[in-house]
Amino acid sequence: MTGVPASAGGGTGRPAPGGKLGAAAVNQASLWNIANILTMVRLLLVPAFVLLMFQDGGYDPAWRAWAWAAFAVAMITDIFDGHLARAYNLVTDFGKIADPIADKAIMAAGLVCLSSLGDLPWWVTSVILFRELGITLMRFWVIRHGVIPASRGGKIKTLTQGVAVGMYVLALTGPLATLRFWVMVVAVALTVLTGLDYVRQAILLRRRGLRKEREAVGGIVGGDRIGGGDR
């Protein structure tokens, strides 16, 4: 989608004058694709959500409804921007960095706001945030050995967290308030279980990577010894 047609170079197949500058302009323009725009919208919704949550002391049902709307839009864009980036080859370095930051930021904002207002125990917020930060750091720890793919359990966990936090943002009462409690219980359970599974995958991935590195070094050393004996 970002390729430059041959006619731009005069139809000769040679780069047009200033080709490097033109390529840079094309790459820069590719940042402004629909997937990245949705990611940026999600980032902008984080401070808007926080402001809406704390309006009139944080307990006005109308303001909480607006905060829920901002949170819901952010979660929905999280679904669409990744799908669009993969489906239409819109993956960029900016998107790779900004997308997970936006995901963590809106969820962290929701949890911290709810705990600050006394609607959600701080230990719940701590468990979820510790898991998310820990898994992110762990991915960097093993990245030279490979990438840990997102599991189905992880996706269900993210969806459940979003539903639970969204229900807590709304001023619910009665049976719905009871329901949101149990949805949050499921979200916390999935958070812990999928976190442990990612730890297991990371350990196995690192062990395989280290074993391959040792085998590669052993092969090189063995080859040098054989070569040295032939001389």
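Arg42 is buried, at a relative accessible area of 1%; buried stands for under 20% relative accessible area, exposed for over 50%, and partly exposed for what lies in between (1.4 Å probe, protein chains only). The model is predicted, so local features need pLDDT of at least 70 and side-chain atom pairs count only at pLDDT 80 or more, while totals for chains, interfaces and linings use all residues. Residues are numbered from 1 along each chain as its sequence is written, and side-chain values use heavy atoms, with hydrogens and water left out.

The side chain of Arg42 meets that of Asp103 in a salt bridge (2.7 Å, N to O), a term for a side-chain nitrogen of Lys or Arg within 4 Å of a carboxyl oxygen of Asp or Glu. Because Asp103 belongs to helix 4 (residues 93-116) and Arg42 to helix 2 (residues 34-53), the pair ties together parts 61 residues apart in sequence. Helices here are DSSP runs (H or I, at least four residues), numbered from the N terminus.

Asp78 has its place in helix 3 (residues 61-87) and, at 19% relative accessibility, counts as buried. Apart from neighbours within four places in sequence, Asp78 is in contact (heavy atoms within 4.5 Å) with Arg42, Asp99 and Asp103.

Elsewhere, Arg144 and Glu213 form a salt bridge, their closest N and O atoms lying 2.7 Å apart. Arg144 sits in the loop between helix 5 and helix 6 (152-169) and Glu213 in helix 7 (residues 175-230), so this pair joins parts 69 residues apart in sequence. Arg144 is exposed at 56%, whereas Glu213 is partly exposed at 32%. Through salt bridges that share partners, Arg42, Asp78, Asp99 and Asp103 form one network.

Definitions and conventions: Helices (H or I, at least four residues) and strands (E, at least two) are DSSP runs, numbered from the N terminus.
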